[in-house]
Amino acid sequence: MKWEAVIGLEVHAQMLTHTKIFCGCATTFGNEPNTQTCQICIGMPGVLPVLNKKALEFAIRTGLAMNCTISGYSRFARKNYFYPDLPKGYQISQYEHPICEHGHIEIVVDHEVKRIGITRIHMEEDAGKNIHEGTGGYSFVDLNRTGVPLMEIVSEPDMRSPEEAAEYMRKLRSIVRYLGVCDGNLEQGSLRCDANVSVRPKGQKEYGTRAEVKNINSFRYVERAIEYEIKRQIKAIEGGGKVVQETRLWDADTGITESMRSKEEAHDYRYFPDPDLVPIMVDQTWIDEIKASLPELPDAKRHRFVSDFGLPAHDADLLSSERATAKWFEEAVKAGGQPKAVSNWMMGELMKLLNEENKAIDACPIQPKQLAEMLHLIDKGTISGKIAKTVFDEMYRTGKDAEAIVQEKGLVQISDSSEIEKVVDEIIAKSPKEVERFRAGDEKLLGFFVGQAMKATRGKANPQMLNELMKKKLV
Ligand SMILES: [Zn+2]
């Protein structure tokens, strides 16, 4: 029997506000424990929270960017549970009336565009952090994170594979970074993901029982954790057992998910409207203002790169994922680079070199205009595509222009047929045995001859001319 996975993600994104969601404490990451706290965020009795307007604006910004409806009326609710890192005994979140609903975003997987629904985006406060390791048998609580504003972005169960889930998370990261509402830093926990996973026989309409996998903090782990979970569930069912509704914890070290607790239902939390916070009424004028301030977003850019530059969806998706990358691409094209050629060099050589040094494209030693100039040298036939790799490496290393490097290193392509002919004759004269075999029908040997000639010219022979001349002389 063929199985199908059904996946929905809940992503927590930490908003890039300077202060917390209900008090004026700083949100700086990594400071001394419990130095960024006050009576409000540590939950003293009698204090009153006040909503940070910037957090509300960021949530609306995100909702608009993800094609959501923005609620004119929304409000906060208390989610009641006990945990040492939650001093109030409840978390202020949103329940019945979230700020954003009914949106969608697009992802590209296997060169296909797919739409993923966004059920809702709501605001909530983060909890503190329990520290167990390296504390000599004690546990400590750091409340610096308590009250830091989060958005919880809940997707529809629209994903069908681990790859789609990872792509969705990448796209979310890309959008919140474009918007400037979250830094998308996975290592620091600015973006955290829980996955709801179930399996069902292909063709069946009803969903299977789902398990929630928590604690996923990288794109690679999204894929691996979900992959593991799908296999585990199929194995359980095929072995005559069943999947139970529960919360499972992903362990990155062992690569497995483990049962943590039975899944709580919403009613376990005894949600009720927070009486300390007034309902939020957002007027249309403000929503329109925020909408007008949105930058061109990755999906819009991707569509434009496809329609204006004729790029394949896959290229357009990669190039539009980061604002700086998209800008670099557009500048290179504006400077005269042929779009697909620019894309190929960026996604190939350029990304390789940048990744090796873990460098952002902002810090790239090659300017977009310089790539366009190098591409022009290829088009003119001054250098071959192969030599261009050497030139490009040198440009990256020195920041010099392609033209200067070509002159300095004597890399001009040989397109003089008599010069190439001379080399071809030499190679043929040196390899009588191979010539015999070639003439007896071993045509694969053409590669050998061309390779020898290329070597003799240090890669500078015009490849088309060399190929033609070699064939002509050998037959
Ligand atoms: Zn505070």
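Begin by selecting Thr 17, which sits in the loop between strand E1 (3–14) and H1, where helices (H or I, at least four residues) and strands (E, at least two) are DSSP runs numbered from the N terminus. The model is predicted, so local features need pLDDT of at least 70 and side-chain atom pairs count only at pLDDT 80 or more, while totals for chains, interfaces and linings use all residues. Residues are numbered from 1 along each chain as its sequence is written, and side-chain values use heavy atoms, with hydrogens and water left out.

Thr 17 is buried, at a relative accessible area of 6%; buried means under 20%, exposed over 50% and partly exposed in between, with a 1.4 Å probe and protein chains only. Leaving aside residues up to four places away in sequence, Thr 17 touches Thr 27, Asn 52, Lys 54, Ala 55, Phe 58 and Pro 149, contact being heavy atoms within 4.5 Å.

Next, select helix H1 (residues 53–65) together with helix H4 (residues 284–292), which pack at an angle of about 65° with their axes 10 Å apart. On the H4 side, the contact is made by Trp 286, Ile 287, Ile 290 and Lys 291, and on the H1 side by Lys 53, Leu 56, Glu 57, Ile 60, Arg 61 and Leu 64.

Then select Leu 9, Met 66, Tyr 168, Met 374 and Val 391, the residues with the most contacts inside the largest nonpolar core, which has 103 residues; such a core is a set of buried Ala, Val, Leu, Ile, Met, Phe, Trp, Tyr and Cys residues joined through side-chain atoms within 4.5 Å. Helix H2 (residues 162–179) gives the most to this core, with nine residues.

Definitions and conventions: Axes fitted to C-alpha atoms, helices over the stretch in contact; angles between N-to-C directions.
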